[in-house]
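Subject: Structure handover and findings

Hello,

Please find the structure below. My notes on what was found in it follow.

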Amino acid sequence: MNAEERDPLTGQITTGHEWDGIKELRTPIPNWWLITFIVTWVLSVGYLVLYPSFATTRSYAPGLLGWSSRNDLSQATRQALQQQAVWRDQILATPLEKIEGNEELRRFAVAGGQAAFNENCAACHGIGATGQIGQFPSLVDDDWLWGGKIADIHTTIRHGIRGTSDDTRTSEMPAFGDILSGQEIAATADYVLSLSDRSRDAARASMPGAALFANNCSSCHGIDGEGNRDLGAPRLNDAIWLYGGSRDAVIVQITQPRMGQMPAWEARLDEATIRMLAVYVHTLGGGEK
């Protein structure tokens, strides 16, 4: 049996392994490291016994303490609702048009409405409610398809647009590609664009698309393109365009119109939250009194 070799510099026993003149020492693990390692194992086993672990496809080991983050969240939510109950009851009891007249109630409604908006509405309308051209309308301008009064906004949020609610707001624009020729559609698009261009006021009546617009579009959009909020028909005589205001974009919309859809939130949010959402949207800057 070979005698153990000690490193002359450190006095440690070598393992017998050598590489390029360097000998490996048989240095023991420090006691503090070994103790820490054992403690972590003990804590890990204790955690597995006390807290949820070992998930399966159907359930999980709940742990002796019965703790779960879901229960904590539910409890915190219940406590928050209890604390807010007084204000939420006032939101329900106060007519929509008078909520903003009560400064404390308005602040609570705006704060709650903003939180609900960011969670439920911002995915489409954006965090700042500026919308997306070609997709979703802006809520911070003065253009409202179905009216910008707080009662109008409340109805839209509650029942949606072209949704599944029995009281959802619905409007349909015909596909004029099946009715008019390409030349007629182009002429109508030129006339529509002229409605928001004051420099073309004098020439508008003689434009080829004037008669086409009067015969096919004015019953919904109005003689002067002022729109009709009872029908959800947008204004055409301003510079606000949901699907784009270029000539090509207008031609596409006339030929094969796009019509958005908004879910009815009455089945997902309680009435107090819907009211707070209506107040928040109404105070963004474009709401009507």
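A pocket, as used here, is an open set of points on a 1 Å grid over the protein atoms alone, with protein on both sides within 12 Å along at least five of seven lines, and lining residues have an atom within 4 Å of a point. The model is predicted, so local features need pLDDT of at least 70 and side-chain atom pairs count only at pLDDT 80 or more, while totals for chains, interfaces and linings use all residues. Residues are numbered from 1 along each chain as its sequence is written, and side-chain values use heavy atoms, with hydrogens and water left out.

Pocket

The second largest pocket has 14 lining residues, and Gln84, Arg88, Ala116, Thr273 and Met276 lie nearest its centre. Two or more lining residues come from each of helix H2 (69–93), helix H4 (103–120) and helix H12 (271–282); helices here are DSSP runs of H or I with at least four residues, numbered from the N terminus. H4 gives the most, with 6 residues. By type, the lining of this pocket holds 6 nonpolar, 4 polar and 4 charged residues. In that count Ala, Val, Leu, Ile, Met, Phe, Trp, Tyr, Cys and Pro are nonpolar, Asp, Glu, Lys and Arg are charged, and the others, Gly among them, are polar.

In H6, the residues Ile150, Ile153, His154, Thr156, Ile157 and His159 are buried, where buried means under 20% relative accessible area, exposed over 50% and partly exposed in between (1.4 Å probe, protein chains only). These buried residues pack against helix H3 (96–99) and H12. His154 has a relative accessible area of 9%. Leaving aside neighbours within four places in sequence, His154 is in contact (heavy atoms within 4.5 Å) with Leu96, Glu271, Ile274, Arg275 and Ala278. Just after H6, Gly160 has a positive phi of about 80°.

Asp143 is in the loop between helix H5 (122–125) and helix H6 (150–159). A salt bridge is a side-chain nitrogen of Lys or Arg within 4 Å of a carboxyl oxygen of Asp or Glu; Lys and Arg count as positive and Asp and Glu as negative, with His and the chain ends not counted. Not counting residues up to four places away in sequence, Asp143 touches Arg235, Asp238 and Ile240.

Positive phi

Most residues other than glycine have a negative phi. Phi of Ala129 is near 60°; Ala129 lies in the loop between H5 and H6 and is buried at 0% relative accessibility. Phi of Phe54 is near 50°. Phe54 is in the loop between helix H1 (31–50) and H2 and is exposed at 58% relative accessibility.

Salt bridges

The whole structure has 10 salt bridges. Arg158 pairs with Glu266, with the closest N and O atoms 3.5 Å apart. This pair links distant parts of the chain, 108 residues apart: Arg158 is in H6, and Glu266 is in the loop between helix H11 (247–255) and H12. Asp190 and Arg247 also meet in a salt bridge, at 2.7 Å from N to O. Asp190 is in helix H7 (182–194) and Arg247 in H11, 57 residues apart. Asp190 is partly exposed at 24%, as is Arg247 at 37%.

Regards

Note on methods: 1 Å grid on protein atoms, 1.4 Å probe; cavity = no way out; pocket = protein on both sides within 12 Å on 5 of 7 lines; lining within 4 Å.
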